[in-house]
Amino acid sequence: MNTNVRTAVLTAGIAAIVAGFAYACRPTGRQVLTAGDVAGKVYVPPGQYDEYYAFLSGGFNGQIGVYGLPSGRLLKIVPVFSQNPETGYGYNEESKPMFETSHGFVPWDDTHHPELSQTNGVPDGRWLFINGNNTPRIARIDLTTFETSEILEIPNAAGGHASPFTTPDGRYVVSATRFSVPVPNADVPIETYQKNFRGTLSFIKADEPGKMDIAFQVLMPGYNYDLGHAGKGPSDGWFFFTTYNSEQAYTKLELNASKNDKDFIAAINYRAMEQCVNAGKAQQATADYRHNYVDPHSRVATSTRSTSVKMIDPRDCPGALFLLPTPKSPHGVDVDPTGEYIVGGGKLATVIPVHSFTKLARAIEQKAFDGEIDGIPILKYDATIAGEVQNPGLGPLHTEFDGRGFAYTSMFISSEIVKWKLGTWEVVDRMPVYYSIGHLMIPGGDSKQPWGKYVLAMNKITKDRYLPTGPELAQSAQLIDITGEKMKMLLDFPTTGEPHYAQALPATLIKDKSIKFHRLSESTHPHVSKAETEAGISRTGKTVHVKMVAIRSHFTPDNIEGVQIGDTVLFHVTNVEQDWDILHGFAVLGANNAELIIGPGETRTLKWVPRNPGVYPFYCTDFCSALHQEMQGYVRVSPAGSRVPLVANVSPRAATQAARAQALPSAKRVER
Ligand code: K7E
Ligand code: CUA
């Protein structure tokens with residue numbers, strides 16, 4: 001983009017830019033690699049693996065897309081906060097408790113920021129965390145199964161956007177409220193915003209599966225909180241959060257929250273805060289939140305309610321929280337691999353401001369303050385600023401690092417990635433991206449040890465990049481080579497949902513830990529059938545339990561009679577295969593539900609309430625063998641009060657075994 005265009009755009013007014021510039025700006029004239037050069041760099045031959053796993057948030061689809069890089073191939077969709085009919089997640093009875101919240105069953109959310117667990121500040125490949133932005137929650141995905149195994153709701157918060165960034169030691173992940181609200185929430189006039197609305201920062205214990213919980217919450221001024229990142233190295237023990245709307249507007253924020261020249265980055269010494277909490281300085285505040293966890297042996301989720309949290313007012317812990325003035329409604333806050341530089345992304349600012357941790361520490365020592373807000377000292381801008389990247393482009397949002405002394409910032413409005421040098425703050429390269437980039441991602445690029453080979457641009461607007469598919473197009477990601485002095489565009493690929501942030505790491509850190517099947521012998525599912533001899537049918541009042549086995553290529557039982565209108569049928573289907581990637585599915589005609597997909601060694605339960613008498617087929621939905629199409633059965637449904645006995649057939653072999661063991665009869669009959 002030439003200087004005239006940029007000047008014209010600057011004078012056109014921010015609102016107009018945000019609304020309309022993105023597509024109009026299509027930079028040209030850049031030297032492009034030949035197709036042959038580029039193809040070689042992203043080509044992964046058939047049968048070979050990608051070098052990196054990349055985890056892209058799905059935004060409003062509530063899921064995570066797992067991609068291989070450099071190919072851009074979609075490897076898996078991991079459902080997190082949204083029901084997924086493809087896997088039955090959120091539809092089968094085992095996983096439904098994952099969506100329990102203080103607001104009841106919430107089967108959707110908006111995922112923004114995947115965050116890999118870290119050891120000593122480096123992604124370790126154990127877990128991936130991601131936030132739910134709407135009904136504030138944090139999920140843990142286990143990277144041995146690529147499944148969501150834990151979800152914690154965040155109380156006293158409204159919008160969990162600055163989340164779930166980790167501390168380098170992996171002890172905590174954080175969540176800051178996007179919207180300020182009354183804390184505790186209460187029925188008050190909205191115009192009492194300044195008096196009644198507050199923000200909260202939550203530190204969440206995250207280092208032990210099944211034990212995620214709110215360690216403590218910090219009561220904050222009534223601003224909006226946007227993003228966060230932990231310090232590392234010299235700044236280890238600190239956390240940085242961006243704020244906007246320091247104007248405390250509660251209407252027409254587009255205008256009213258853009259008035260101040262500077263908002264703040266809140267710098268919190270969380271170790272000091274932790275000590276204050278341990279010293280009894282926090283209050284026990286009322287809260288209502290859920291913790292949902294999948295037991296690794298039964299693979300059944302349970303939901304537990306909690307009703308209080310430790311809440312600390314920064315006034316009760318002096319010296320642990322400071323505000324750093326930062327231009328202008330900052331969005332991202334990113335800490336470089338050394339831990340010295342804290343980069344703000346002032347989305348409406350004309351520079352990229354960089355704070356120095358050394359200067360910050362000195363400024364605190366020397367009390368270089370410029371007033372305070374709610375007892376929180378404001379540091380002088382000049383006392384903490386290390387430098388400003390001048391003329392970086394328009395709309396700086398997010399910054400990642402390559403570990404070689406360079407930073408890469410996404411420019412939403414001018415649709416480009418800008419590469420600049422830490423310390424000199426000079427822009428050294430620009431790469432146009434198509435169009436309107438949000439986050440960008442370098443594998444390990446927010447950690448102590450970036451694997452700085454690629455940067456991935458995640459773009460908000462697609463327009464003419466792909467074959468048209470009606471009014472809505474898939475979002476577009478672009479892979480860029482950053483090994484040389486100049487960035488090189490390699491690949492466009494479409495993504496699922498609307499990725500915000502992403503994380504990636506070398507495939508070698510995960511791939512050999514992947515679980516191939518669940519051990520049937522270790523299953524503690526209450527309705528597991530470990531062999532066909534254990535299959536059968538039973539009635540408790542109006543509930544019929546069918547214990548069913550799925551194995552290539554039949555179900556046991558496959559004929560069921562005696563179900564009546566008014567019954568609720570629970571099909572507990574166990575896939576007894578003990579082999580990698582052999583799944584079975586289960587679907588019943590007319591079920592008001594998704595199918596089940598049952599992994600090897602797993603038991604999944606489908607709830608079915610038949611409405612009309614008749615005979616209903618069920619079948620396997622996952623093409624599992626040559627005789628997959630034979631994998632079927634029937635359920636006979638009779639009118640309420642009928643005298644048809646409750647019967648389920650099992651195989652003759654099972655019947656013989658059962659008789660010998662005198663355990664379960666081959667067909668359990670319940671006469672009515
Ligand atoms: Cu910039 Cu939610 Cu991190 Cu979108 S956020 S881009
Ligand atoms: Cu089992 Cu198809």
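Predicted model: local features only at pLDDT ≥ 70, side-chain atom pairs only at ≥ 80, totals over all residues.
Helix H6 spans residues 270-278. Its buried residues are Tyr270, Met273, Glu274, Cys276 and Val277. Viewed down the axis of H6, these buried residues fall within an arc of 160°, so they line one face of the helix. An α-helix has 3.6 residues a turn, so residues three or four places apart point the same way. Gln275 and Asn278 lie on the other side of H6, and both are exposed. Glycine 280 follows H6. The phi of glycine 280 is positive, near 85°.

Four strands form an open sheet. Their order is S3-S2-S1-S35, and the pairing is antiparallel. Strand S3 (73-79) and strand S35 (502-506) are the edge strands. Each of these edge strands pairs on one side only. From one strand to the next, the twist averages 20°. Strands of a sheet pair through backbone hydrogen bonds, either parallel or antiparallel. Strand S1 covers residues 52-57. S1 pairs with S35 in the antiparallel sense, over five bridges. Tyrosine 52 has proline 506, in S35, as its bridge partner.

Ligand 1 is surrounded by residues that include the histidines His112, His113, His161, His331, His398, His439 and His500. Leu227, Gly438 and Lys460 also belong to the surroundings of ligand 1. By class, eight residues of the shell around ligand 1 are polar, one is nonpolar and one is charged.

Technical notes. Residues numbered from 1 in each chain as written. Chains lettered and ligands numbered in written order. Heavy atoms only, no water. Buried < 20%, exposed > 50% of the residue type's maximum accessible area, 1.4 Å probe, protein only. Helix = DSSP H or I, 4+ residues; strand = E, 2+ residues; numbered from the N terminus. Arc of directions from axis to C-beta. Pairing = 2+ DSSP bridges. Axes fitted to C-alpha atoms, helices over the stretch in contact; angles between N-to-C directions. Near = heavy atom within 4 Å. Nonpolar A, V, L, I, M, F, W, Y, C, P; charged D, E, K, R; others polar.
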